Amino acid sequence: MNSFFKEIKPDDISDSVFKLIAEDWFLLTITGELSGAPVGAVEFYLADFRFADNGDDYIVDDWTWVDLASLGAVDALTFE
């Protein structure tokens with residue numbers, strides 16, 4: 001677990017934590033590896049404030065499933 005997640009608990013996540021403004025985003029990239037070699041990646045936006053309509057802006061503030069099926073058979077995941 002990295003220090004980011006040690007300091008911010010799920011209940012603390014709000015726009016005041018990230019101070020997001022227009023054009024900001026927070027992207028998680030999950031990379032699948034097999035025998036040490038990357039085989040694919042899945043991107044998931046944890047927050048996105050790039051929309052012309054501010055009503056479409058969002059911060060993921062609840063546990064959310066991310067479909068990793070496109071990675072196929074892997075033996076490791078890295079998160080960036």
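Hi everyone, let me start with a pairing: strands 1 and 2 run antiparallel to each other and are joined over ten bridges. One of the contacts along that pairing involves T31, whose bridge partner in strand 2 is A41. Before I go on, please keep in mind that this is a predicted model.

So where do those two strands sit in the sheet? The sheet is open and has four strands, in the order 3-2-1-4, with antiparallel pairing. At the edges we find strand 3, residues 58–59, and strand 4, residues 76–79, and each of these pairs on one side only. As a reminder, strands of a sheet pair through backbone hydrogen bonds, in either a parallel or an antiparallel sense.

Stepping back to the whole chain, the secondary structure comes to two helices and four strands. Read along the sequence, the pattern is α-α-β-β-β-β.

Now for the aromatic rings. How many aromatic pairs does the count come to? It comes to two. Take W25 and Y45: their ring centres are 6.3 Å apart and their planes meet at 80°, and the cut-off for edge-to-face is over 60 degrees, so this pair is edge-to-face. The pair also links distant parts of the chain, with W25 in strand 1 (residues 25–34) and Y45 in strand 2 (residues 37–48), 20 residues apart.

Are these two residues buried, exposed or partly exposed? W25 has 46% relative accessibility, so W25 counts as partly exposed. Y45 comes in at 25%, and Y45 is also partly exposed.

The other pair is F51 with Y58. Here the ring centres lie 6.4 Å apart and the planes are at 40°, so the pair is tilted. With a relative accessible area of 34%, F51 is partly exposed. Y58, at 30%, is partly exposed too.

Let me finish with some totals for the protein. Of its 80 residues, 20% count as buried. The accessible surface comes to about 6,100 Å², and carbon and sulfur atoms contribute 55% of that. What share of the contacts with a separation of 6 or more comes from residues 24 or more positions apart? That share is 51%.

That's my tour, and I'm happy to go back to the sheet or the rings if anyone would like another look.

Key
Residues are numbered from 1 along each chain as its sequence is written. This is a predicted model: local features need pLDDT of at least 70, side-chain atom pairs count only at pLDDT 80 or more; totals for chains, interfaces and linings use all residues. Side-chain values use heavy atoms; hydrogens and water are left out. Rings of Phe, Tyr and Trp (its six-membered ring) pair if their centres lie within 6.5 Å; planes under 30 degrees apart count as stacked, over 60 as edge-to-face and the rest as tilted. Buried means under 20% relative accessible area, exposed over 50%, partly exposed in between (1.4 Å probe, protein chains only). Two strands pair if DSSP finds at least two bridges between them. Contact means heavy atoms within 4.5 Å. Accessible areas come from the Shrake-Rupley method with a 1.4 Å probe; for residues, only the protein chains shown count as cover.
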